[in-house]
Amino acid sequence: RTHIIFAASIAEPPPRAITSSSSKEIKYVRNDSGKAQNHTAVVSDFSFERPVNTMYDRHYPVLDVNISAMAQNARVLCDICGRNNISVAGIIKFSDGDLEVAGAYREGGCAQLGVSRAKHLPALKEAFPDTETLLTRSPPRSDLPLCARYADLSLHADADILIALNKEAANWNAHPGILLMLDVGDLREGVDNIPALVELATLCEGLPNLRLRGVGTNLACMN
């Protein structure tokens, strides 16, 4: 299991937790039926000046992730989708970019691994260089270097961003894939009419460093 700790409301820490500023990990030991076991927790941004609580104190939000179960669930889903010629992308948004979760998705057969934050792309690409990476949002200008270099596919609905991404991709000799987003009523992201979508597609096909891969949409998304 992987224990993912979010330090949103940390109580006073126990003395047994030891932090590492270089790895952003907490290493700790607990007694389970008298047997000491080492565990590692992945922690979101917080100060490493002091230890933090471990998940076993239950004083703050914790995700206790069963990695083998996630891999099996992904395997079942990918098998069902594969029989219908559908490939599956495993999104590690909930785990703050945790690579063990990404590995479980990949083990389960996910064809792509996706993140919602561009800062997670370099580590994801380094860990899984042969797997297609997906950025599940339209990047702001500040994220274009990461998107151009590490995202094989990203979502877009803005002409200016596409033009800027094409220019950035030239700096890395990269050809990132583009999914153009069409909003169908969720008011989440994307253009809201077909003529605007066609205009974006025409623009994208004329930009030499981008590869138009298709159209995406959100439908009754609960996230």
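What percentage of the 223 residues of the chain count as buried? The share is 41%, where buried means under 20% relative accessible area, exposed over 50%, and partly exposed in between, computed with a 1.4 Å probe on protein chains only. This is a predicted model, in which local features need pLDDT of at least 70 and side-chain atom pairs count only at pLDDT 80 or more, while totals for chains, interfaces and linings use all residues. Residues are numbered from 1 along each chain as its sequence is written, and side-chain values use heavy atoms, with hydrogens and water left out.

**The whole chain**

Colour by secondary structure first: the chain has six helices and eleven strands, taken as DSSP runs numbered from the N terminus (helices are H or I of at least four residues, strands are E of at least two). Among contacts between residues at least 6 apart in sequence, 55% join residues at least 24 apart, a contact being heavy atoms within 4.5 Å.

**The six-stranded sheet**

Next select the open sheet of six strands, whose order is β6-β7-β8-β9-β10-β11 with parallel pairing; two strands pair if DSSP finds at least two bridges between them. Its edge strands are β6 (89-91) and β11, each of which pairs on one side only. Neighbouring strands of this sheet are turned by 30 degrees against each other on average, direction ignored, with axes taken as lines fitted to C-alpha atoms (for helices over the stretch in contact) and angles running from 0 to 180 degrees between N-to-C directions.

Within the sheet, show β7 (residues 112-115) and β8 (residues 132-135), which run parallel and are joined by four bridges; Q112 has E132 in β8 as its bridge partner.

Now select L113, which is found in strand β7 and is buried, with a relative accessible area of 1%. Leaving aside neighbours within four places in sequence, the contacts of L113 include G90, A102, Y105, L124, F128 and L134. T131 also touches L113, and the C-alpha atoms of these two residues, 18 residues apart along the chain, are separated by 7.0 Å.

Move to K125 in helix α3 (residues 121-127). Is this lysine buried or exposed? K125 is buried, with a relative accessible area of 18%, and its side chain is joined to that of D152 by a polar contact of 2.6 Å. A polar contact here is a pair of N or O atoms within 3.5 Å; within protein, one must be able to donate a hydrogen and the other to accept it, and residues adjacent in sequence count only if both atoms are side-chain atoms.

At the start of α5, a side-chain oxygen of D158 comes to within 2.9 Å of the backbone nitrogen of D160. The buried residues of this helix include I161, L162, L165 and A169, and what covers the buried residues includes α4 (144-150), β9, β10 and α6.

Just after α5, stop at N173, which takes a positive phi of about 50 degrees. Most residues other than glycine have a negative phi. N173 lies in the loop between α5 and β10 and counts as exposed at 65% relative accessibility.

**Helix α6**

Finish at α6 (residues 194-205), whose twelve residues should span 16 Å at 1.5 Å a residue, in agreement with the 16 Å between its end C-alpha atoms; the expected span is 1.5 Å times one less than the number of residues. Which residues of α6 are buried? They are L197, L200, A201 and C204, and they cover an arc of only 100 degrees around the axis, which puts them on the same side of α6; the arc is that of the directions from the helix axis to the C-beta atoms. On the other side, P195, E199 and T202 are exposed.
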